[in-house]
Amino acid sequence: MSSEAQLIARMREVLPEGVRTMLGSGDDCALVAAPEGSFLVTTDALVEGQHFRRDWFTPGEIGARAAVQNLVDIAACGGSASGLVVAMVIPPGSDEDWILEVVSGFGSEVAKTGAGVIGGDITSGRDFTLAVTAFGYCDRLVTRAQAKPGDVIAYAGDIGVSGVGLALLQNHVVNPALRGAEALGFYHYPLSFYRVPKVPLQAGPIAANAGATAMIDVSDGLGIDLSRIAKASKVSMRLSRSLLKNIVDEHQPWLDVALKHLDVGQLNTCELVEKIGLFNRGEDHALLATFPSDINVPPPFRIIGDVTGGEVGTVMLDDEPYPAGGWDHLQR
Ligand SMILES: Nc1ncnc2c1ncn2[C@@H]1O[C@H](COP(=O)(O)OP(=O)(O)OP(=O)(O)O)[C@@H](O)[C@H]1O
Ligand SMILES: Cc1ncc(C[n+]2csc(CCOP(=O)(O)O)c2C)c(N)n1
Ligand SMILES: [Mg+2]
């Protein structure tokens, strides 16, 4: 392993500068243009063993996932990213080329957005960790707090896919070294989605410009993340069983194959929503937004329910309570 300075020099060669960067990585701070006069900021850490395992991921996938997880929080406020900084905890004895592949994967995902990787920090520690902070800008901020009874609930991206990919790996259904549709068949989609969530980041600003009243990304699960909007907006959320069933039906080809191995029995699609909590497993990072009912919901958003004046903070599935279940790091 080289010195810190040598490693940073190699990292800078593979990192995007970013169109708003005025001073990039290399000084005590970076300087990023914020002509709007204010900026969005969010942070999210990825920890080995908690979010990924080295034997399940390529280093590039680990980096890409860390980038997406942060970029989507900017999108969930209606914004676009301008710059990201990444603090890395590197276990002693790590392979330098492996670290650089993580950094390249991170940089490639950021480069697609026009943002820059403008700095970071390196330290040594037991569990490989990427602690990322992202900065961004928006024309119109969308919070979690302005959903109104009568609005529709819509999502962009995909829900329930990442959790299946994780379960396939946890249950040893697939060889984690395999990649690609040819080798993995129906498993390819959920596995690749778990490793690097496919999120339409541009849907964030699209929703904001279309007049979305509230938005969040589904990081911990559909139920818990919808209840976060419900609580912040002081409303109740009602999901439509038939609209959710459409999503499940679209995934039927690979889901049928995957479910055989997931020890959930022969469930029909409605039981599926309720019993295995497919949508509550988290890490899909789909964008979930509410829109006034009198506007056309912009693509790629699809309607899955509506906002009601029911008991504040609750989430319903038609007329029954929908479990608010989801991931909680401190309750495991
Ligand atoms: N240690 C902390 N100190 C101050 N605020 C925090 C801390 N941890 C979380 N928060 C804030 O609490 C809110 C909810 O945090 P959370 O991590 O659940 O964000 P999220 O976007 O919903 O989830 P995810 O981390 O899965 O993207 C955010 O506004 C976040 O900035
Ligand atoms: C090895 C391994 N074990 C378990 C999981 C599942 N997992 C971890 S964090 C999280 C929710 C979002 O977290 P955050 O709020 O930190 O974004 C989920 C569903 C995983 N990804 N990898
Ligand atoms: Mg979020």
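## Ground rules

Metal donors here are N, O and S atoms within 2.8 Å of the metal (3.2 Å for Na, K and Ca), and water is not among the atoms, so sites may look incomplete. This is a predicted model, where local features need pLDDT of at least 70 and side-chain atom pairs count only at pLDDT 80 or more, while totals for chains, interfaces and linings use all residues. Residues are numbered from 1 along each chain as its sequence is written, chains are lettered from A and ligands numbered from 1 in the order in which they are written, and side-chain values use heavy atoms, leaving out hydrogens and water.

## The magnesium site

Start with ligand 3, the magnesium ion: Asp73 (OD) and Asp217 (OD) coordinate it, at 2.0 Å. These two come from distant parts of the chain, 144 residues apart, with Asp73 in helix 2 (residues 59-75) and Asp217 in strand 8 (residues 214-217). Helices (H or I, at least four residues) and strands (E, at least two) are DSSP runs, numbered from the N terminus. Asp73 and Asp217 are both buried, meaning under 20% relative accessible area, counting protein chains only and using a 1.4 Å probe.

## Around ligand 1

Asp73 turns up again here: ligand 1 is surrounded by Asp44, Asp73, Arg144, Ser219, Asp220 and Arg228, where a residue counts if one of its heavy atoms lies within 4 Å. Sorted by class, that's 5 charged residues, 1 polar and no nonpolar.

Now the polar contacts, which are pairs of N or O atoms within 3.5 Å. An N or O atom in the Ser219 side chain sits 2.7 Å from an oxygen atom of ligand 1. For Arg144, a polar side-chain atom is 2.9 Å from an oxygen atom of the ligand, and for the Asp73 side chain the distance is 3.2 Å. On its own ligand 1 exposes 610 Å², and the protein buries 34% of that; these areas come from the Shrake-Rupley method with a 1.4 Å probe.

## Around ligand 2

Ligand 2 has 17 residues around it, the closest being Gln50, His51, Tyr194, Glu283 and His329. By class, the shell has 5 nonpolar, 6 polar and 6 charged residues.

The His51 side chain puts an N or O atom 2.8 Å from an oxygen atom of ligand 2. A nitrogen atom of ligand 2 is 2.9 Å from a polar side-chain atom of Tyr194, and Gln50 uses a polar backbone atom, 3.3 Å from a ligand nitrogen. Of the 530 Å² of accessible area that ligand 2 has on its own, the protein covers 91%.

Key: Buried < 20%, exposed > 50% of the residue type's maximum accessible area, 1.4 Å probe, protein only. Polar contact = N/O pair within 3.5 Å; in protein donor to acceptor, adjacent residues only side chain to side chain. Nonpolar A, V, L, I, M, F, W, Y, C, P; charged D, E, K, R; others polar.
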